[in-house]
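User: I am new to this structure and would be grateful for a close look at a single part, namely the place where the two chains meet. Please set it in its surroundings as well.

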Amino acid sequence: MHPIDTLLARHRFRAIELLPWLIAVAVYFVFGDYLPLGSQILIMILFALSLDLVLGYAGIVTLGHSAFFGVGAYAAGIYAAHVSGEPLSGLVLAACAAAVVGWLSGLVVLRTTGLTLLMLTLAVTALLAEAANKAGFITGGADGLQGMDIRPIFGLFRFDLFGRTAYLYCLAVLFLAWLFARRLVHSSFGRSLIGIRENTARMHAIGSPVRRRLLTIYTISAALAGVAGALLAQTTQFVGLTVLGFQRSGEIVIMLVFGGIGRLYGAFVGAGIYMIAQDQLAKLEPAFWYFWIGLLLVLLVMFARGGVLGLIDRILRR
Amino acid sequence: MTAALETIGLHKRFGALIVANDIHFRLDAGARHALIGPNGAGKTTLVNLITGRIPPSAGRILLGGDDITALPQAVRVRRGLGRTFQINTLFRGLSVLENVCLAVGEHHGIGGDMLRSLAARRAVLEGGYALLERLRIADDALTPVRELPYGRQRLVEIAIALGLRPTVLLLDEPAAGVPSTEIAIILDVIEQLPDDIAVLIIEHDMELVFRFARRITVLVQGSVLIEGTPAEIAADARVREVYLGEGHHG
């Protein structure tokens, strides 16, 4: 095959890419009791996917991505509690709010690189967390935001006690986000992000507006993270300060590294394995489960750089 | 005739250290010009000033007659100023074809395109591939750059710059670090550069310089010592003193 065709073929849809969706649909029918956990996993996959766009593709090393998750969660939560319980407009609002925060913070944060950038992303999250804490009259502060009454989707599908609607709702949103992200990373824009990750100096030297490209993807990623946060708020009808916590920022990085960064599907594998492991380990060893997560991560980083997907890649190539 | 590239009284100081001192320099369309000088003469500094990596302390830079002194690096590139790097500055994890296509894509103005049009992508890939064929590295189109031998990486370095279709091309020591057995390939490529590109080459290898250049500028301690034809430069006593008097640099 001609090299051009080979390269174009790499961007074409492959059957294996259907696998996560088949599993997600199968889960709905087989593990009906686990759907609330399933929804949580789908939400974290979306969050990890948004992180992959900036961390995996554009090479922006951030430890503050929960800022946008949290802004989305609070935006959707406050909207539902005080304005309207209509879920889809809540999602759109959350995406817009997170995008604005992403764009504004990106203007400052993306002027830096490396450790400085890392610290600034942390600082943004810390600022927002403290603001949410202080603004208790609207966010509920440390008690959390309650009193949301989410109306049926399209006025038809009521959120039920077993989490069936919530699961399908999250799945549909994740699917759309994935379609969008997939198209994005395979576009010329997506390729130029990889170029920036691989060699920023050369991207400048070939006339690429590097800063603008980074700001664009940072804003898009923030919006997607905001949608993930909004899904959490709407499906649990509660928003606590932990959505803006440093721990969530760290965990999502761990999940993504676990699955493999810059691969689009690392988010699915990483968040899936991590959340299930966490659930199972917490049952087996309620006090000690973080130890095993830590051990698993150490082993993975030592012996399987590129995460689970990187490992599979290497085994297949042999 | 308007010069393809011109610097007027270009000056750069870092504190008390003057690294570019009142440099008047002119590159005509289609020029084959070499910039030589001992280590630390300020050759790479001059390239960085022209490309906009560092701002000058004083002076002006004109590209095709337009003042570009205040323009950011990326805008200069889009106006036709291409460069290569002394130390390979490549997208190491990507294939050779993808490396070149990043540049071709930016040149076509689709680098920020989020809605993929396969036809546009194919045009870019075809442009990139044609370039690889011209530089005879098409066999390695799908090889990740980091797996290539150094000499071929140098060719990718040039290919990326050519992907921008520059009117002015600055080659910063294109043969640096290349084993002598492979230098001939690089020389061929440089000699076959399109005639309408004005080329400025910075090089230590005198054989390469004298084979390639129709004019030579000698830079010493940030100032232009002399400019002339290769024959004039070879015969100049001051140049001999700079090069031979304080030991060999070339």
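**The interface between chain B and chain A**

About 3300 Å² of area is buried between chain B and chain A, and carbon and sulfur atoms give 61% of this area. The model is a predicted one. In terms of residues, 38 from chain B are in contact with 35 from chain A.

The polar side of this interface can be described next. Between chain B and chain A there are 17 residue pairs in polar contact, with both residues at pLDDT 80 or more. The count of salt bridges between the two chains is three. In one salt bridge, the side chains of E157(B) and R202(A) meet at 2.3 Å, N to O. On the side of chain B that touches chain A, at least two residues each are supplied by helix 2 (73-78), helix 3 (96-108), helix 4 (118-134) and helix 5 (150-162) of chain B. Helix 4 of chain B gives the most to this side, with six residues.

S188(A) belongs to helix 9 of chain A, which spans residues 188-198.

Over all chains, the count comes to 17 aromatic pairs. One of them joins W21(A) and F175(A): the ring centres lie 5.0 Å apart and the planes stand at 85°, so this pair is edge-to-face. The two residues come from distant parts of the chain, 154 residues apart, with W21(A) in helix 2 (residues 19-30) and F175(A) in helix 8 (residues 164-186) of chain A. W21(A) has a relative accessible area of 9% and is therefore buried, whereas F175(A), at 33% relative accessibility, counts as partly exposed. Another pair is formed by Y28(A) and F29(A), whose centres are 5.2 Å apart with planes at 85°, so that pair is edge-to-face. F29(A) counts as exposed, at 64% relative accessibility. W21(A) and F175(A) also belong to one aromatic cluster, together with F13(A), W178(A), Y265(A) and F268(A).

In chain B, a ring takes part in an arrangement with a charged group. The charged end of R83(B) sits over the ring of F85(B), at 4.0 Å from the ring centre.

Two loop residues of chain A deserve attention for their backbone angles. Most residues other than glycine have a negative phi. F154(A), although not a glycine, has a positive phi of about 55°. This residue is found in the loop between helix 7 (136-139) and helix 8 of chain A, and at 61% relative accessibility F154(A) counts as exposed. Q237(A) is likewise not a glycine and has a positive phi of about 55°. Its place is in the loop between helix 11 (210-236) and helix 12 (246-259) of chain A. With 29% relative accessibility, Q237(A) counts as partly exposed.

Conventions:
Residues are numbered from 1 along each chain as its sequence is written. Chains are lettered from A and ligands numbered from 1 in the order in which they are written. This is a predicted model: local features need pLDDT of at least 70, side-chain atom pairs count only at pLDDT 80 or more; totals for chains, interfaces and linings use all residues. Side-chain values use heavy atoms; hydrogens and water are left out. Helices (H or I, at least four residues) and strands (E, at least two) are DSSP runs, numbered from the N terminus. Rings of Phe, Tyr and Trp (its six-membered ring) pair if their centres lie within 6.5 Å; planes under 30 degrees apart count as stacked, over 60 as edge-to-face and the rest as tilted. Buried means under 20% relative accessible area, exposed over 50%, partly exposed in between (1.4 Å probe, protein chains only). A charge sits over a ring if NZ of Lys or CZ of Arg is within 6 Å of the ring centre and within 35 degrees of the ring normal. Contact means heavy atoms within 4.5 Å. Buried area is the accessible area (1.4 Å probe) that two parts lose on being put together, summed over both. A salt bridge is a side-chain nitrogen of Lys or Arg within 4 Å of a carboxyl oxygen of Asp or Glu. A polar contact is a pair of N or O atoms within 3.5 Å; within protein, one must be able to donate a hydrogen and the other to accept it, and residues adjacent in sequence count only if both atoms are side-chain atoms.
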